[in-house]
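Please look over the model shown here before reading on. The report goes from the whole chain to single residues.

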Amino acid sequence: MNLIIDKGCFKIYYRDPDTTGNRLFLSTRTATLMDAVAEFNLIKGGFDTPLRIERFDVFGNLTDTFTMDGRYGVPRKH
């Protein structure tokens with residue numbers, strides 16, 4: 001049994017509609033891409049924005065990059 005489980009993190013870049021600036025949302029407690037997007041929707045919800053999602057492993061290496069047209073869109077891997 002692992003006492004400490006570190007799954008890495010997801011960085012979600014989005015455009016804030018109030019300030020029209022780019023912002024960063026960090027999801028560190030989720031294991032999958034869709035769980036990270038669901039957490040973003042729960043905490044930052046209420047507006048539709050294109051998303052860029054980067055997946056980092058436990059060592060801080062960028063492993064995957066995804067884009068979504070909106071919060072409820074289909075992720076596309078780059």
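What follows covers the overall layout, the sheet, and then a few residues.

**Basis.** This is a predicted model, in which local features need pLDDT of at least 70, side-chain atom pairs count only at pLDDT 80 or more, and totals for chains, interfaces and linings use all residues. Residues are numbered from 1 along each chain as its sequence is written, and side-chain values use heavy atoms, with hydrogens and water left out.

**Overall layout.** The protein has one helix and five strands. These are DSSP runs, numbered from the N terminus: helices are H or I with at least four residues, strands are E with at least two. Along the sequence the pattern reads β-β-α-β-β-β. Taken along the principal axes, the C-alpha atoms fill a box of roughly 45 × 25 × 20 Å.

The protein has 78 residues, and 36% of them count as buried. Buried means under 20% relative accessible area, exposed over 50%, and partly exposed in between (1.4 Å probe, protein chains only).

A contact means heavy atoms within 4.5 Å. Among contacts in the protein with a separation of 6 or more, 37% link residues 24 or more positions apart.

**The sheet.** The five strands form an open sheet in the order β2-β1-β3-β4-β5, with antiparallel pairing. Its edge strands are β2 (22-27) and β5 (76-77), each of which pairs on one side only. Two strands pair if DSSP finds at least two bridges between them.

| Strand pair | Bridges | Direction |
|---|---|---|
| β1 (residues 9-15) and β2 | six bridges | antiparallel |
| β1 and β3 | five bridges | antiparallel |
| β3 and β4 (residues 62-68) | six bridges | antiparallel |

Why is strand β3 largely enclosed by the rest of the structure? Five of the six residues of β3 (residues 51-56) are buried, so the strand is largely enclosed.

Individual partners can be traced across the sheet. C9 has F56 in β3 as its bridge partner. F56 in turn has L62 in β4 as a bridge partner. β3 and β4 form a hairpin with five residues between them. In that turn, G60 has a positive phi of about 90 degrees.

Is S27 buried or exposed? S27 counts as buried because its relative accessibility is 0%. Its side chain makes a polar contact of 2.5 Å with that of E39. A polar contact is a pair of N or O atoms within 3.5 Å; within protein, one must be able to donate a hydrogen and the other to accept it, and residues adjacent in sequence count only if both atoms are side-chain atoms. Not counting residues up to four places away in sequence, S27 touches C9, F10, A36 and E39.

N22 has 58% relative accessibility, so N22 counts as exposed. R15 stands opposite N22. Leaving aside neighbours within four places in sequence, N22 is in contact with Y14 and R15. The C-alpha atoms of N22 and G60 are separated by 22 Å, and the two residues are 38 residues apart along the chain.
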